[in-house]
Amino acid sequence: KDLLSVFIAIQIIRTKTVRETIGETIEKLYKVLPEKIHKKKKFSTEGITIEANKDFVKLQHSSMLLDAETILDFAESLSQHIWVMYVNQTDIPFYTSDTPVQTIPHKFDRYMSYGGFNSQGVEVVFPLSPKLMIAMYEKSYHKLFSSVERKFISITDKERIDSYNLIQVAGSYRSIYSNINHFDMAKKLCVENPRLRETKNRIIVS
């Protein structure tokens, strides 16, 4: 479990999604800060374009990947969760994506996000194959799962497989993968939610 936690932590950090998030956060932050600092002077950044230096963003991302402490902190959080292995017994395969490790919040608040990898109530999912997926549950909220720690659990409900696949579609950067050419659900979701096709504008700083 500890070794797998390190592997999964690397899978989380290495993605293009993380790199783009670093850059977009910098851009949004530097656009909002002047407005906050000079709000009494009615300072506006309207019409001003701010773009993060790509080499700087790459350097920050590389630093994260090479920082053992960062990786081990991620791994420690994951290893504290309750782990189960879901076995897909349906004819619909698990999707995976270019951002395969996803979080599903089960606790909601108007002012706070519970979608972090160590947030209370979070479920972290990582498809391993069309038939197998690791799910990691934050233990203070999901106490009932303690009885199935490290157990195999079958899923026979197609709608539940679909819901996990939708998470992969929504959280991907650009690509979805499957062992069969059946992406109707992914295409439908992207048509209904055009913003999913955007690789930017996923970060809000206010």
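Predicted model: local features only at pLDDT ≥ 70, side-chain atom pairs only at ≥ 80, totals over all residues.

Trainee: Where does Gln11 lie, and what does it touch?

Mentor: Gln11 is part of helix α1, residues 2-13. Leaving out residues up to four places away in sequence, Gln11 touches Val101 and Phe126. Gln11 and Phe126 are 115 residues apart along the chain, yet their C-alpha atoms are separated by 9.5 Å.

Trainee: Okay, now the sheet. How do I read strand pairing?

Mentor: Here's the general idea: strands of a sheet pair through backbone hydrogen bonds, and they can be parallel or antiparallel. In this model, there is an open sheet of five strands in the order β3-β4-β5-β1-β6, with mixed pairing. β3 (102-104) and β6 are the edge strands, each pairing on one side only. From one strand to the next, the twist averages 30°.

Trainee: How many bridges join β3 to β4?

Mentor: Three, and the two strands run antiparallel. For a landmark, look for Ile104, which stands opposite Glu123 in β4. Helix α5 (residues 158-171) packs on the sheet, touching β1, β3, β4, β5 and β6, and its direction makes about 120° with that of β3.

Trainee: What about β5? Is β5 mostly covered or mostly open?

Mentor: Mostly covered: five of its six residues are buried. On one pairing, β5 is joined to β1 by six bridges, and the two run antiparallel; there you can find Ile82 opposite Tyr137. β5 also pairs with β4 in the antiparallel sense, over five bridges, and Val125 has Ala135 as its bridge partner. A hairpin of four residues connects β4 to β5.

Trainee: Which side chain makes a polar contact with the side chain of Thr99?

Mentor: That of Thr17, at 2.7 Å. Thr99 is in the loop between β2 (96-97) and β3, and it counts as buried because its relative accessibility is 8%. Apart from neighbours within four places in sequence, the contacts of Thr99 include Thr15, Gln168 and Tyr173.

Trainee: And salt bridges? How many does the structure hold?

Mentor: The general idea is that side chains of opposite charge can pair when their charged atoms come close. This structure holds four salt bridges. In one of them, Lys1 meets Glu149 at 3.0 Å, N to O. That pair links distant parts of the chain, 148 residues apart: Lys1 is in the segment before α1, and Glu149 is in the loop between β5 and β6. Lys1 is partly exposed, at 27% relative accessible area, and Glu149 is partly exposed too, at 24%.

Definitions and conventions. Residues numbered from 1 in each chain as written. Heavy atoms only, no water. Contact = heavy atoms within 4.5 Å. Pairing = 2+ DSSP bridges. Axes fitted to C-alpha atoms, helices over the stretch in contact; angles between N-to-C directions. Buried < 20%, exposed > 50% of the residue type's maximum accessible area, 1.4 Å probe, protein only. Polar contact = N/O pair within 3.5 Å; in protein donor to acceptor, adjacent residues only side chain to side chain. Salt bridge = Lys/Arg side-chain N within 4 Å of Asp/Glu carboxyl O.
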